[in-house]
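Thanks, everyone. Let me put the structure up, and then we'll walk through it.

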Amino acid sequence: MKHRAKYERLLKNSKGEYRYQFNWVSGGFNDVWAKNLKEFKSELKRQFGNSNLDVNYNSLHKATESGARSWDKAGDMLCW
C-alpha cells in the first residue's frame with residue numbers, strides 16, 4: 001500500500017496574491033503578499049527599500065495555511 005504525501009494548498013488572498021515567507025540574512029523573518037516572484041521583488045523594494053536588509057533567498061517559499069499559522073505563532077512569541 002502506497003502512502004501519499006498530504007498536499008496542502010498554498011495560502012492565497014482575494015487579490016490572487018500568495019504569501020511569500022522568508023528570512024533575512026542578518027537574522028529575523030518577514031512575509032510579503034505578491035502574485036509572483038517578480039512582483040515579490042518589487043513589493044520587497046517598496047516596503048524595505050530604504051533598509052540595508054538582505055533576503056536569504058534559500059529560505060523564500062510560498063506559505064500554506066498551517067505554515068503561516070506556525071510562522072505567525074513564532075512571531076507572536078517573539079513580540080510578546
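One definition before we start: axes are lines fitted to C-alpha atoms, for helices over the stretch in contact, and angles run from 0 to 180 degrees between N-to-C directions. Contact means heavy atoms within 4.5 Å.

Now the ground rules. This is a predicted model, where local features need pLDDT of at least 70 and side-chain atom pairs count only at pLDDT 80 or more, while totals for chains, interfaces and linings use all residues. Residues are numbered from 1 along each chain as its sequence is written, and side-chain values use heavy atoms, with hydrogens and water left out.

The fold, then. There are 2 helices and 3 strands, in the order β-β-α-β-α along the sequence. Helices (H or I, at least four residues) and strands (E, at least two) are DSSP runs, numbered from the N terminus.

The strands make an open sheet, ordered S2-S1-S3, with antiparallel pairing. S2 (29-34) and S3 (55-62) are the edge strands; each has a single partner, so one side of each is left without a neighbour in the sheet. From one strand to the next, the twist averages 25°. Two strands pair if DSSP finds at least two bridges between them. S1 (residues 18-24) and S2 share 6 bridges. Tyr18 stands opposite Ala34 in S2.

What lies across the sheet strands S1, S2 and S3? Helix H1, residues 37-48, at about 120° to S2.

Next, the aromatics. The whole structure has 4 aromatic pairs. Rings of Phe, Tyr and Trp (its six-membered ring) pair if their centres lie within 6.5 Å; planes under 30 degrees apart are stacked, over 60 edge-to-face, the rest tilted. Phe22 and Trp24 have ring centres 5.0 Å apart and planes at 90°, so that pair is edge-to-face. Phe22 also pairs edge-to-face with Phe40, at 5.6 Å centre to centre and 75° between the planes. Phe22 is in S1 and Phe40 in H1, so this pair ties together parts 18 residues apart in sequence.

Buried or exposed, Phe22 and Phe40? Both are buried, meaning under 20% relative accessible area; exposed is over 50%, partly exposed in between (1.4 Å probe, protein chains only). Phe22 is at 0%. Trp24 is buried too, at 7%. One cluster takes in Tyr20, Phe22, Trp24, Phe40 and Phe48.

Last, charges over rings: NZ of Lys or CZ of Arg within 6 Å of the ring centre and within 35 degrees of the ring normal. Lys62 sits over Tyr18, 4.0 Å from the ring centre. Lys41 sits over Tyr57, at 5.7 Å.
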